[in-house]
Amino acid sequence: MAAIAHDVDADALVKSSDPKHPANLICSLCRQFYGHGWVTGTGGGVSIRHDNHIFLAPSGVEKELMQPENIFVMDYASQEYIRRPLWAVLVTLLCEAGMQGRKDVFEISQIEQIKGISRGGTGSTEIAEGGRKLGNLGYFDTMRMPIIENTAHEEDLKDSLEKAMLEWPEACAVLVRRHGVYVWGKDVTQAKTQAESLDYLFQLAVEMHKLGLKWT
C-alpha cells in the first residue's frame with residue numbers, strides 16, 4: 001500500500017469535538033481495552049470504517065494515552081493512506097487465546113457467553129421469543145474460529161486472513177497463532193462486545209484446560 005504524506009486537510013480528518021467521531025472513539029475504546037489488560041505495552045489496536053475512510057490505531061503508542069493525532073486514515077476505495085503519522089507503526093491486535101483439538105480452528109460449545117457472538121460478524125437485529133437474537137449463536141451451537149499462522153510482518157497476513165474469512169463465513173474473528181485475534185462487527189458496538197465475549201471465552205477455555213475439562 002502506498003503511503004501518502006498527510007497535509008492540513010488530512011489532519012482535519014482526525015479533529016472533531018464529537019466523542020463518537022472515529023478518531024475520538026478509537027482513543028476511548030483503547031483506554032477501555034487497556035483497562036481489560038488487552039492493549040498493554042503499546043500493542044493492539046482498533047480500526048473503524050466511516051463513510052469512505054478507515055481510521056486505524058497505531059502501534060508504538062501507549063494506548064491509554066493515545067490521542068487523535070496518532071490515528072492513521074486510509075481511503076477505503078484506493079486502500080491508500082491519506083494520513084500516516086511518520087513515526088508510528090500500524091497494527092491491529094486484541095488478545096491471545098489457547099486451543100485444543102484441531103490445530104487450524106478454535107472451537108467451544110455449550111457456554112452461555114456464546115450467545116454474544118454473531119454469525120458472520122454481523123448477525124441479525126431480529127429478536128426471537130425469549131429475547132434471543134436470531135443472528136447470534138445459541139447455547140447448543142459450536143463457535144468455530146479459524147487459526148492461521150503468523151508472519152514476520154503484519155501486512156503479510158492479508159492473503160491468509162482473506163482466505164480464512166472466505167472459508168469460514170460464519171466466523172466473526174480470525175486467530176493468528178502466537179500473535180492475537182482480529183475481530184469485526186457491523187458497527188463499533190458489536191465489534192467491541194464480541195471482542196469482550198471472545199476474551200471471556202478464551203480465558204474460560206484456558207482455565208478449563210488447566211482443570212482437565214473439555215470445552216467442546
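Me: Helices (H or I, at least four residues) and strands (E, at least two) are DSSP runs, numbered from the N terminus. With that settled, where is N136 found?

Reply: This is a predicted model. In it, N136 is in the loop between β7 and β8.

Me: Is N136 buried or exposed?

Reply: Buried means under 20% relative accessible area. N136 has a relative accessible area of 8%, so N136 is buried.

Me: What does N136 touch?

Reply: Leaving out residues up to four places away in sequence, N136 touches K115, G116, I117, S118 and R119. For I117, the C-alpha separation from N136 is 5.6 Å, with the two residues 19 apart along the chain.

Me: Where is I117, then?

Reply: I117 is also in the loop between β7 and β8. Its relative accessibility is 1%, so I117 counts as buried.

Me: And which residues does I117 touch?

Reply: With residues up to four places away in sequence not counted, I117 touches N136, L137, M143, C172, Q194, S197, L198 and L201.

Me: Which helix has an axis that comes within 12 Å of the α4 axis?

Reply: That is α2, residues 22-36, and the two axes cross at roughly 10°. Angles under 35 degrees count as roughly parallel, and α2 and α4 are therefore roughly parallel to each other.

Me: Which residues make that contact?

Reply: From α2, the contact uses L25, L29, Q32, F33 and H36, and from α4 it uses V188, K192 and E196. By type, the residues of the α2 and α4 contact are four nonpolar, two polar and two charged.

Me: Switching to the sheets. What is the strand order in the one with β7?

Reply: The order is β7-β8-β9-β10, an open sheet of four strands with mixed pairing. From one strand to the next, the twist averages 25°.

Me: How many bridges are there between β9 and β10?

Reply: Four, in the antiparallel sense, with β9 covering residues 173-176. V174 stands opposite Y182 in β10.

Me: Which helix lies across β8, β9 and β10?

Reply: Helix α3, residues 158-167, lies across those strands and runs at about 155° to β8 (142-148).

Me: What about the sheet with β1? What is its order?

Reply: That open sheet has four strands in the order β1-β2-β4-β5, with antiparallel pairing. Its edge strands are β1 (47-50) and β5 (80-83), each pairing on one side only. The twist there averages 30° from one strand to the next.

Me: Which residue of β4 stands opposite I54?

Reply: M74 of β4 does. Strand β2 (residues 53-56) and strand β4 (residues 72-75) run antiparallel and are joined by four bridges.

Me: Now the inside. Which residues in the largest nonpolar core touch the most other members?

Reply: They are I26, F106, I108, M143, M145 and L198, in a core of 39 residues. Two or more core residues come from each of α2, β7, β8, β9, β10 and α4. Helix α2 gives the largest share, seven residues.

Me: What does I108 touch?

Reply: Apart from residues up to four places away in sequence, I108 touches I114, D141, T142, M143, L201, A205, W215 and T216. Another core, of seven residues, lies apart from the largest one and includes L157, A164, V174 and V176.

Me: Last bit, the whole chain. How many helices and strands?

Reply: The chain has four helices and ten strands. Along the sequence they follow the pattern α-α-β-β-β-β-β-β-β-β-α-β-β-α.

Me: And how much of the chain counts as buried?

Reply: Of the 216 residues, 40% count as buried. Among contacts with a separation of 6 or more, 60% are between residues 24 or more positions apart.

Technical notes:
Residues numbered from 1 in each chain as written. Predicted model: local features only at pLDDT ≥ 70, side-chain atom pairs only at ≥ 80, totals over all residues. Heavy atoms only, no water. Axes fitted to C-alpha atoms, helices over the stretch in contact; angles between N-to-C directions. Parallel < 35°, antiparallel > 145°, perpendicular 65-115°, else oblique. Contact = heavy atoms within 4.5 Å. Nonpolar A, V, L, I, M, F, W, Y, C, P; charged D, E, K, R; others polar. Pairing = 2+ DSSP bridges. Core = buried A, V, L, I, M, F, W, Y, C linked by side-chain atoms within 4.5 Å. Buried < 20%, exposed > 50% of the residue type's maximum accessible area, 1.4 Å probe, protein only.
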